[in-house]
Amino acid sequence: METKDCILTRRSVRRFTDRPVPHETVRQMVSLAAYAPSWKNTQVTRYYAVEDQAVKEEIADNCVLGFESNAKIIRRCPVLMVITCKHGISGYEKSGEPTTGKDDRWEVFDSGIATQTFCLAAHDLGLGTVIMGIFDDDKVAETVGVSDGEIVAALVALGYPDGDPKAPPRKDADALLNFR
């Protein structure tokens with residue numbers, strides 16, 4: 001698939017078939033996402049593939065701050081990717097001093113870039129994803145057993161799409177771009 005086509009045809013998928021996602025396919029997506037740029041090539045993003053239905057139910061019931069749409073998606077997706085980042089590295093010098101005024105917000109950039117790269121890789125491989133941001137970071141981390149020093153950046157439902165979502169309207173370049 002051409003890059004342009006991948007960008008233009010990727011959609012947020014909220015309904016999935018029951019078809020399991022092979023572990024090797026998930027590994028391939030993570031291997032591709034590893035090429036996402038990061039602060040001084042620190043590569044702080046980590047991936048937890050949750051297939052255990054009981055764990056997904058726990059996250060849906062107790063970690064999405066009552067947002068039922070996310071709960072329903074999590075219960076029904078074959079794999080819930082918990083995207084984390086190693087905290088306190090992106091945006092900092094080895095001495096621990098922040099390099100810019102953004103402090104630890106650079107880790108959010110790094111995780112976001114890696115998450116979108118993961119989602120584009122999934123789309124290229126025929127899978128669907130939706131990135132979810134309404135959740136309790138600490139509860140998800142505890143439920144999944146996230147390693148110390150990592151924070152949860154995003155949840156991504158992953159699976160084979162059940163249907164073909166249509167693209168919502170997009171602003172054109174003139175509404176988004178300024179030349180100075």
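W106 lies in helix α5. In this predicted model, W106 counts as partly exposed, at 23% relative accessibility. Leaving aside residues up to four places away in sequence, W106 touches W39, S90, G91 and T100. With T100 there is also a polar contact, side chain to side chain, at 3.0 Å. The C-alpha atoms of W106 and R27 are 25 Å apart in space, and the two residues are 79 positions apart in sequence.

R27 takes part in a salt bridge with E24, in which N and O are 3.6 Å apart. Both residues belong to helix α2 (residues 23-33), where a separation of three residues amounts to about one turn of the helix. An α-helix has 3.6 residues a turn, so residues three or four places apart point the same way. E24 is exposed, because its relative accessibility of 53% is over the 50% cut-off. R27, with a relative accessible area of 49%, is partly exposed.

In total, the structure holds six salt bridges. Another of these joins K40 and E93, whose closest N and O atoms are 2.9 Å apart. K40 is in the loop between α2 and β1 (45-50), whereas E93 is in the loop between β2 and α5 (106-124); the pair therefore ties together parts 53 residues apart in sequence. K40 is exposed, its relative accessible area being 54%, and E93 is partly exposed at 32% relative accessibility.

A further salt bridge links the side chains of R75 and E68, with an N to O distance of 3.2 Å. R75 has a relative accessibility of 25% and counts as partly exposed; E68 also counts as partly exposed, at 48%. Through salt bridges that share partners, E57, D61, E68 and R75 are joined into one network.

Helix α4 (residues 68-76) has N70, A71, I73 and I74 as its buried residues. Viewed down the axis of α4, these residues fall within an arc of 165 degrees and so line one face of the helix. The elements against which they pack are α3 (53-62), β2 (79-86), β3 (128-132) and β4 (150-159).

In α3, the buried residues are K56, I59 and A60. They are on the same side of α3, because the arc that they cover around the axis is only 95 degrees. The cover over the buried residues of α3 includes β1, α4, β2, α6 (137-144) and β4.

The largest pocket holds about 290 Å³ of space. Its lining consists of 13 residues, and I7, L8, R10, R11 and R170 lie nearest the centre of the pocket. At least two residues of this lining are supplied by each of α1 (3-9) and α5.

Notes. Residues numbered from 1 in each chain as written. Predicted model: local features only at pLDDT ≥ 70, side-chain atom pairs only at ≥ 80, totals over all residues. Heavy atoms only, no water. Buried < 20%, exposed > 50% of the residue type's maximum accessible area, 1.4 Å probe, protein only. Helix = DSSP H or I, 4+ residues; strand = E, 2+ residues; numbered from the N terminus. Arc of directions from axis to C-beta. Contact = heavy atoms within 4.5 Å. Salt bridge = Lys/Arg side-chain N within 4 Å of Asp/Glu carboxyl O. 1 Å grid on protein atoms, 1.4 Å probe; cavity = no way out; pocket = protein on both sides within 12 Å on 5 of 7 lines; lining within 4 Å. Points joined across faces, edges and corners; volume = space filled by probe spheres on them. Polar contact = N/O pair within 3.5 Å; in protein donor to acceptor, adjacent residues only side chain to side chain.
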